[in-house]
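Here's a quick briefing to read alongside the sequence and the 3D view. Have a look at the picture, then work through the points below.

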Amino acid sequence: MSGMRTVEEQLAVVLAAVRTRPAVTRTLDEAVGFTLTEPARAQNPVPVFDNSAMDGFAVRFADVATASSERPAVLRVVADVPAGSAEDPPLARGTAARIMTGAPVPAAADTVVPFEDTVGGLADSLGDIRVVRAPAAEGAHVRRAGADAAVGAVVLEPGTLLGARQLAALASVGIARVAVAPRPRVAIVSTGAELVPPGEPLARGQIPESNGLLLAGLVAEVGAEVVFREVVGDDGAGPAEAVARATALGLDAVIFSGGVSAGAYEPVRQGLSDAMEFVKVAMQPGKPQGFGATDAGMLLFGLPGNPVSVAVSFEVLVRPALLRLQGRRDIHRPRRRLAAGTGWRTPPGRRQYLPAVIDAEGRVHPATRGGSGSHLAVGLGAATAYAIVAAETEQVEIGDLIDVLELS
Ligand SMILES: Nc1nc2c(c(=O)[nH]1)N[C@H]1C(S)=C(S)[C@@H](COP(=O)(O)OP(=O)(O)OC[C@H]3O[C@@H](n4cnc5c(N)ncnc54)[C@H](O)[C@@H]3O)O[C@H]1N2
Ligand code: MOO
């Protein structure tokens, strides 16, 4: 259809307006969910020192190289080295040190023999020991200093999301504080005279307000912070007042839902026509879109009000922007190609983003029986993925390969 932008064109407009903020410093305890802004370099090697991978004996390989159950190697244990020990006992030929997992291997030893490869094991481990199996090679069961990371090695790149595994990796290399992107600060404004809080009695024409909750959750999922959230009617200056308030607070973005299409009461479109551009994007749902940025660089998103349109528009246009604001390396979810397990019709001329589920065999199905209507908010609750169908396709057949974004 002419006059419509592609999703890529609209996303390019959005991303071009994104301005990142200066980094802040956080201790590791405070950094979960933040995005690293500088390369993290190892302050200590990992492992920190040559250490034992097994409970057993630190030995000289030459002393045990031919040990067998028929001809055990007999060694005298002259030291005991638990984890945390600072000792480096000398070992003459024919001697061994009892050693525990994680303890530093004495400089004079080169190999560890586990208790299981001696006659007496732990029970008889402080006198003479008999080694009944030769180690596979010199260095067996010794974990070498720096094998995982040398001092100065980049262990995480800028743009990495810091989760549990990443923070543990940083701690292991001796890092205590990191430079991270500040959380984007966001306002959420739902528009519509028909909206009442969930659970309230509904007069004719009224519906429960759900987009605010939806957007608040989606914003939190990408590491941003909701500073204020409100509902405004259809006929007032609510949207412009929200922008003024957000500007005064120095926020990074305002996300409106509703009031952007072609009706008589479209408060976002009518109230913010100077600050935002209103366009049609070749996607379903989510065709009418408003977007702009203030002089201070605050992003203004005008998402179409239907609940599925809000969810999909956030996924396609807002999520990448909020991730880019944090300098995140991966701003798009990975896509998989899965076979359709059900057929469905799709609108011509617009790329479809259909809330979907994936069955145990890895086939994709619409999340709702009712089709792809952007008002089907309940199907959204069942969805674990979006199926993406090309604009040219009008009918998905069972077995067709479909691009799928899995939602986590
Ligand atoms: N003449 C035309 N009419 C419409 C067009 C068009 O091109 N020409 N586009 C349609 C499409 S597509 C969409 S999508 C919607 C978008 O409309 P608005 O952004 O103006 O949204 P509203 O009209 O305010 O609301 C749409 C729908 O969603 C419900 N809604 C709104 N906010 C909430 C909320 N916070 N929580 C729950 N539900 C909400 C609202 O009650 C409406 O049912 O326009 C079409 N029309
Ligand atoms: O674009 Mo609307 O979001 O199709 O329903």
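A polar contact is a pair of N or O atoms within 3.5 Å; within protein, one must be able to donate a hydrogen and the other to accept it, and residues adjacent in sequence count only if both atoms are side-chain atoms. Keep in mind that this is a predicted model, where local features need pLDDT of at least 70, side-chain atom pairs count only at pLDDT 80 or more, and totals for chains, interfaces and linings use all residues. Residues are numbered from 1 along each chain as its sequence is written, chains are lettered from A and ligands numbered from 1 in the order in which they are written, and side-chain values use heavy atoms, with hydrogens and water left out.

**Ligand 2**
- A backbone N or O atom of Gly286 sits 2.5 Å from an oxygen atom of ligand 2, and for a backbone N or O atom of Lys287 the distance to a ligand 2 oxygen is 2.6 Å.

**Ligand 1**
- Ligand 1 has 21 residues around it, and Glu194, Glu209, Ser261, Glu266 and Gly305 are the closest.
- The side chain of Ser261 has an N or O atom 2.9 Å from an oxygen atom of ligand 1, while a polar backbone atom of Gly305 is 3.0 Å from a ligand 1 oxygen.
- Lys287 turns up here too: a polar atom of its side chain lies 3.4 Å from an oxygen atom of ligand 1.

**Helix H1**
- Which residues of helix H1 (residues 7-16) are buried? They are Val7, Gln10, Leu11, Val14 and Leu15, where buried means under 20% relative accessible area, exposed over 50% and partly exposed in between (1.4 Å probe, protein chains only).
- Looking down the axis of H1, you'd see these buried residues within an arc of 135° (using directions from the helix axis to the C-beta atoms), so they line one face of the helix.
- Helices (H or I, at least four residues) and strands (E, at least two) are DSSP runs, numbered from the N terminus.

**Glu138**
- You'll find Glu138 in the loop between strand S8 (128-131) and strand S9 (142-143).
- Glu138 counts as exposed because its relative accessibility is 55%.
- Beyond its neighbours within four places in sequence, Glu138 is in contact (heavy atoms within 4.5 Å) with Phe61, Asp110 and Thr111.

Note on methods. A residue is near a molecule or strand if one of its heavy atoms lies within 4 Å of it.
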